[in-house]
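This explanation walks through one protein model, one region after another. Keep the sequence and the 3D view open while reading.

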Amino acid sequence: MTISISSVAKKFGDFVALDNVSLEVPEGELVALLGPSGSGKTTLLRILAGLELPDSGQVLYQGGDVTNKRARDRNFGLVFQHYALFRHMTVFENVAFALRVRKWLNPKVKERVNELLHLVRLEGLGPRYPSQLSGGQQQRVALARALAAQPQVLLLDEPFGALDAKVRQELRHWLRRLHEEIHITSIFVTHDQEEAFEVADKVVVMNRGKIEQQGTTREVFDHPASPFVMDFLGNVNVFQGRLQNGKAVLQGSDVDGLEFAYPDYPHQVARDAQIYIRPHELEIERRPNGVKSATAKIVRIHPAGPVTKIQLQTVPQGIALSAELSRERYEELLLKDGETVYVFPRRVRVFLPEYVI
């Protein structure tokens, strides 16, 4: 029951939307296609749905080639960003639409629609029209409609993109719980890292028509396979550095000499590298503590719930840095705007020009 995408390529004129993409989605898994605009994620989803044909490659499902099958012959459920509900139909009839097309008998239609309205927590709203619902409720109707004909696969294209932040967060949690109840194989497109990480079993990071990395949320976040993945998954501080004799040394007048153990490169020949530090892995002290550190001035403090974001500039060159502290750590330090502090990373990631370590 695995979905296999094998060497799929697609061009629109001179634009390469997909460049020899291969991917496997096991049965019952919820997979996020994550990437910026133009990365190819929606094109890949549309090829899976049968709404686009690839220029080359295959889509295999249940051991058979479905590459050239029409969308209506695949029995895949589709949910779009803008709901696409029928405005002149009630909620009940929107959900029932696919069943009536398939000529289900009325008693079975009523039973299935009521079952789905219960599943999406919209009991009693069947007689209403889409205009009488909130955006979040409309998206749940769209999801119920996609599930009505008991599809084998559910495909979602930016399903929460048209909703405000609070409703988006609520629906993300709801979709994850729903998936755990019904275990339908699901693939959804998003450009929102937080959304992908909250909902998905596996994340597929795409860029310029290719898959940069795929894996569990922890694997992708903790072990980024490329500078693009590292940079795309949240803010990062980037430094030029040098690797030699098991050490990574930062370069630049304000940070020159900051070094860290890096046993993956034990060689005597020095190599240039890019060194990435996530904001939450940058430590701040109010005074030197014996650890090699850079001197920085606090530019702005922005409390954001459980995390306090600190914008800094190194002294004297003014290199911009971002740090994130837990509320407890921030309250312990009692930092103030304009204060001079000492910063050093607890963890670094190193990328060589030719390959990734």
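Strand 6 (76–79), helix 2 (91–101) and helix 4 (135–147) each supply at least two residues of the lining of the largest pocket. Helices (H or I, at least four residues) and strands (E, at least two) are DSSP runs, numbered from the N terminus. A pocket is defined on a 1 Å grid over the protein atoms alone, as an open set of points with protein on both sides within 12 Å along at least five of seven lines; a cavity is a set of points where a 1.4 Å probe fits but cannot get out, and lining residues have an atom within 4 Å of a point. The model is predicted: local features need pLDDT of at least 70, side-chain atom pairs count only at pLDDT 80 or more, and totals for chains, interfaces and linings use all residues. Residues are numbered from 1 along each chain as its sequence is written, and side-chain values use heavy atoms, with hydrogens and water left out.

The largest pocket holds about 540 Å³ of space. Here a volume is the space filled by probe spheres set on the grid points, which are joined across faces, edges and corners. The lining of the largest pocket consists of 18 residues, and those nearest its centre are Phe76, Leu78, Ala98, Arg102 and Arg145.

Helix 2 has several buried residues, namely Val91, Phe92, Asn94, Val95, Ala96, Ala98 and Leu99. Buried means under 20% relative accessible area, exposed means over 50%, and partly exposed is in between (1.4 Å probe, protein chains only). Helix 3 and helix 4 are among the elements that cover the buried residues of helix 2. Contact between residues means heavy atoms within 4.5 Å. Just after helix 2 comes lysine 103, with a positive phi of about 60 degrees.

Where does leucine 117 lie? Leucine 117 belongs to helix 3 (residues 106–119). Its relative accessible area is 4%, so leucine 117 counts as buried. Not counting residues up to four places away in sequence, leucine 117 touches Val91, Val95, Leu122, Glu123 and Gly126. Two of these, Val91 and Val95, are listed among the buried residues of helix 2.

Serine 7 is not a glycine, yet its phi is positive, about 50 degrees. Most residues other than glycine have a negative phi, and most peptide bonds are trans. Serine 7 has 32% relative accessibility and therefore counts as partly exposed. Valine 8 is buried, because its relative accessible area is 0%. In sequence, valine 8 and asparagine 20 are 12 residues apart, while their C-alpha atoms are 4.9 Å apart in space. Leaving aside neighbours within four places in sequence, the contacts of valine 8 include Asn20, Ile47 and Gln58.

Ile47 is one of the buried residues of helix 1. Helix 1 (residues 41–49) is mostly covered, with seven of its nine residues buried. Glycine 50 follows helix 1 and has a positive phi, near 90 degrees.

Two loops also deserve a look. Histidine 183 sits in the loop between helix 5 (165–182) and strand 8 (185–190). Histidine 183 has a positive phi of about 55 degrees although it is not a glycine. With a relative accessible area of 52%, histidine 183 is exposed. Proline 316 is found in the loop between strand 17 (307–314) and strand 18 (320–326). The peptide bond from valine 315 to proline 316 is cis, with omega near 10 degrees.

How many cavities of 30 Å³ or more does the structure hold? The structure holds four of them. The largest cavity has a volume of about 50 Å³. Its lining includes Phe239, Leu250, Ala294 and Leu321. Strand 19 (residues 340–345) provides the largest share of this lining, three residues.

The last stop is the protein as a whole. The protein has nine helices and 20 strands. Its C-alpha trace spans about 75 × 45 × 35 Å along the principal axes. Of the 357 residues in the protein, 47% are buried. Among contacts between residues at least 6 apart in sequence, 66% join residues at least 24 apart.
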